[in-house]
2 protein chains.
Amino acid sequence: MVPDLQDLRAALVAALGAERLSDDPADLAYYGADRCRGGWPVQPSLVVFPRSPADVQAVVRACAAHGVPVVPSGGRTGLAGAATATRGEVVLSLERMYQILEVDPAARTLRCEAGATLQAVQDAAAAAGLLYPVDYAAKGSAQIGGSLATNAGGVKVLRYGLTRDWVLGLKVVLASGELLVLGGALVKNNTGYDLRQLFIGSEGTLGVIVEVTLKLARPPADSLVALCAVPSDAAVLALFARLRRSSLTLSAFEFLDHGCLNHVLAHRRGDLPFSRPAARYVLVEVEVPVPGAAALEHTRDELGACLAEADDAGELGDAVLAATQAQARALWAYREDISESLHRHTPHKADIALPVARVAEFLAAWRPLVAERLPGIEALCFGHVGDGNLHLNLLRPADEGLSAFLDRVHAFDDELYALVQAHDGSISAEHGVGLLKRDHLHYSRNATEVALMRGIKAVLDPAGLLNPGKIF
Amino acid sequence: MVPDLQDLRAALVAALGAERLSDDPADLAYYGADRCRGGWPVQPSLVVFPRSPADVQAVVRACAAHGVPVVPSGGRTGLAGAATATRGEVVLSLERMYQILEVDPAARTLRCEAGATLQAVQDAAAAAGLLYPVDYAAKGSAQIGGSLATNAGGVKVLRYGLTRDWVLGLKVVLASGELLVLGGALVKNNTGYDLRQLFIGSEGTLGVIVEVTLKLARPPADSLVALCAVPSDAAVLALFARLRRSSLTLSAFEFLDHGCLNHVLAHRRGDLPFSRPAARYVLVEVEVPVPGAAALEHTRDELGACLAEADDAGELGDAVLAATQAQARALWAYREDISESLHRHTPHKADIALPVARVAEFLAAWRPLVAERLPGIEALCFGHVGDGNLHLNLLRPADEGLSAFLDRVHAFDDELYALVQAHDGSISAEHGVGLLKRDHLHYSRNATEVALMRGIKAVLDPAGLLNPGKIF
């Protein structure tokens, strides 16, 4: 350990106590990286576990005084390397700051520490008869602070929007060590620039979020789930437009191609839920707006009529409508099990967004391009097509070594992102930029935008203390 | 006209044509101010009327080259002086850029030029069977660009949120003259800092918004309106909490005190809608979630049951439930006619926000404070109490001259804002800061926040070209 770091360690022990600090190699490896493995080193100097905003301020001030950068660290479920320490940083873990502080049913708000998991937030909301509607698979580990720092999306964006839409207030420790209190119980506060918005989605580069006030929604009375077999990408979009024109309240419209379903069936040794395979599948969820059997029946009839019209129009091959909540969960599992089913093929993932209207056109270009440039590599697509958000997966052939595979797919990234750019898309729909897409950022943000981002970074963190090297 | 300005005028004539430029004193007075009269001079040098983003770029570049600042100008319905030119600025009016460019029913988006009125946007959405839900009284004149620049609120915030929640994309001309395209058709785009958010609510100080892409909602099937007579501020909050706990979808919860209703009745020579007066009134609107007579009846029964329970609990003196749309409009008019009814008393207004839970406590302190400090001045309160947003009005006594009145009420502002601050409130809920509240900004934003705002302003507009002197 270099002398500077020994001084910093002493300062941190003095501030937090020795038990709130670790340089155990196993801890450094565990807390030093998120779920993205990109070939960069994982090498933090220390991990600290503050228990209060004042602790976080002390950590940031000590690191600033010693010139050692800080990586704010939540549940580390990110997929872009934004929570990975590669250059001797101090990892500031929020995991000991997990309290739900207050739920106000009349105001429909929840206030909690940044280290509370998404699951804990959802559970506390549900206990008050309310809903925190941002939802994604990693919710048991993902922390709300990280969810804000990445402006997390998930499976209900179509109905409820992104994390940004649910943030009323936050407390954030700046690079100066100062604690800023932004918003909170106020719904309205038009007094100059809304600084909250800067921290949301900034991937820990502008401040450390330590407390959050969230809006909550009223949960729907009930929901209905259908799995649809669809002949083509174009039919998927036609079905989406049809459902949006109807009076149904669509809460999910999730896409998976035939390859994805095949891998799920192989993984769990299951059978096709239809009598014959289709090219594409869509999981549809609609909300039942009011309680009671009549409303449920009415929504079921409406959904049935809508799917029958889609069938007449050639948009539908087949459809299964869940009759019970257990069946609904089973249909959702075809979508939710994809990532796990693909895991053993070490997929190279891209998380892109497109204007919804251009999804089919993009896929019609992407599939043959992969076939031509990456022979032997299976290309799969699933995602939140109602938001224009596709998760593209390139699978490693069984007979190809990992590094040879990564060389091939990384070499293809530029072509992919150029294709995304040509379709007015974004190279990161919801996972963020982090380390993974930093060198590709120019496909989505021009030089002026990057210069403005750097200027803003310099205003908030002139010494580059917070999560340096991420985003740009 | 000073030589510099003659050069600028020549440059603007060359860029836009002479007919797109005016220095007629009547135009300067008309386009040089918004609805806020604060004692400052109204003295722009010129008014220009660009017809395209390229025109706006040319104006900004010419003004930058000649060192003459620019005031971006929409419908000038603002109430804080943010669109008023006091120092020889060029007023850049967006009124000739009013086209609705595109409505996409499947994506539920609308794209338009910044000078389109809120009414035009609402009408274009309605023509596609959709709803742009931000709504306020000045919609016939207010332009969507100004609506974004002030993050406008209005009467449906409780249900649909602020303008910020409905912005998907914008095109903005920077102080450098560069056109930035931010977002648009993409729902998701997590690629670094969300620069869109900076421009929303920045009151024209960071860029000139020239085009907007908005999200649209599906309109409710129907709605029900009730006017409630309520015995006290505390009962207003209890009634609000009761309605929020119910399964009703509350779309408005508007408050008016007895004084407001009296002025409305005097103005239109009408009668009290109840058999006897109450201390407070609340206009309640709930949505009928699905079409059909059964759903309407069900919602009516639910609302009736909820109000009956409120009556039993002592929260309600009386209530009138509209049976027809005409009756609903008539009930809304009691709320909507307040501002016009008060106009002849030249009210001094404050637009404040509080945590909803602290509204009654604040009013219990504010009313006696006004009575003590401002003898003879009638104090009225109405507003969007479901958002914690109160519009406080101090009326000029008939026998008091305007300037004596203004001296008294302006001297009281600091006490008012200190009281707001002590209740964790904001000195501007929705009207913004502009010139009017600039000197009071410190009651809502601390020195660090103001320093960060100034830093951000310097990044985007280093020469202070855009709307100088507004906000801070």
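Before using the record, I noted that UniProt positions are given here in the numbering used for this structure, that feature names are shortened, and that annotations may be inferred rather than shown by experiment. I also noted that this is a predicted model.

**Entry: the annotated span.** I looked up the UniProt record, an unreviewed entry, and found that it lists residues 40-219 of chain A for "domain: FAD-binding PCMH-type". I then turned to the model for this span, where the C-alpha atoms at its ends lie 42 Å apart and where 22% is helix and 23% is strand.

**Entry: domains of chain A.** I checked the domain assignment, which gives domain 1 (3-93), domain 2 (100-215), domain 3 (222-338) and domain 4 (346-431) for chain A. I took up domain 2 and domain 4 of chain A, whose centres, taken over C-alpha atoms, are separated by 31 Å. Their contact takes six residues from domain 2 and four residues from domain 4 of chain A. I read a buried area of about 430 Å² between domain 2 and domain 4 of chain A, with 47% of it from carbon and sulfur atoms. On the side of domain 2, Thr150(A), Gly154(A) and Leu158(A) supply 57% of the area buried against domain 4 of chain A, more than any other three residues.

How many salt bridges does the rule find across the interface of domain 2 and domain 4 of chain A? I found zero salt bridges there, while the count of residue pairs in polar contact between these two domains is two. By class, the side of domain 2 that touches domain 4 of chain A has three nonpolar, three polar and no charged residues.

**Entry: chain A against chain B.** I next looked at the two chains, where 73 residues of chain A are in contact with 74 residues of chain B. Chain A and chain B bury about 6,000 Å² between them, and 59% of this lies on carbon and sulfur atoms. I noted that Lys188(A), Asn190(A) and Tyr193(A) supply 17% of the area that chain A buries against chain B, more than any other three residues.

Which elements give two or more residues to the side of chain A that touches chain B? I listed strand 8 (179-183), helix 7 (195-199), helix 8 (233-245) and helix 15 (447-460) of chain A, and the largest share, nine residues, comes from helix 15 of chain A. The residues on this side of chain A divide into 34 nonpolar, 24 polar and 15 charged.

**Entry: a salt bridge within chain A.** I counted 52 salt bridges over all chains, and I looked up the one in which the side chains of Asp233(A) and Arg280(A) meet, at 2.5 Å from N to O. Asp233(A) lies in helix 8 and Arg280(A) in strand 12 (residues 280-288) of chain A, so this pair ties together parts that are 47 residues apart in sequence.

Note on methods: Residues are numbered from 1 along each chain as its sequence is written. Chains are lettered from A and ligands numbered from 1 in the order in which they are written. This is a predicted model: local features need pLDDT of at least 70, side-chain atom pairs count only at pLDDT 80 or more; totals for chains, interfaces and linings use all residues. Side-chain values use heavy atoms; hydrogens and water are left out. Contact means heavy atoms within 4.5 Å. Buried area is the accessible area (1.4 Å probe) that two parts lose on being put together, summed over both. Helices (H or I, at least four residues) and strands (E, at least two) are DSSP runs, numbered from the N terminus. Ala, Val, Leu, Ile, Met, Phe, Trp, Tyr, Cys and Pro count as nonpolar, Asp, Glu, Lys and Arg as charged, and the others, Gly among them, as polar. Domain bounds come from an automatic or database domain assignment. A salt bridge is a side-chain nitrogen of Lys or Arg within 4 Å of a carboxyl oxygen of Asp or Glu. A polar contact is a pair of N or O atoms within 3.5 Å; within protein, one must be able to donate a hydrogen and the other to accept it, and residues adjacent in sequence count only if both atoms are side-chain atoms.
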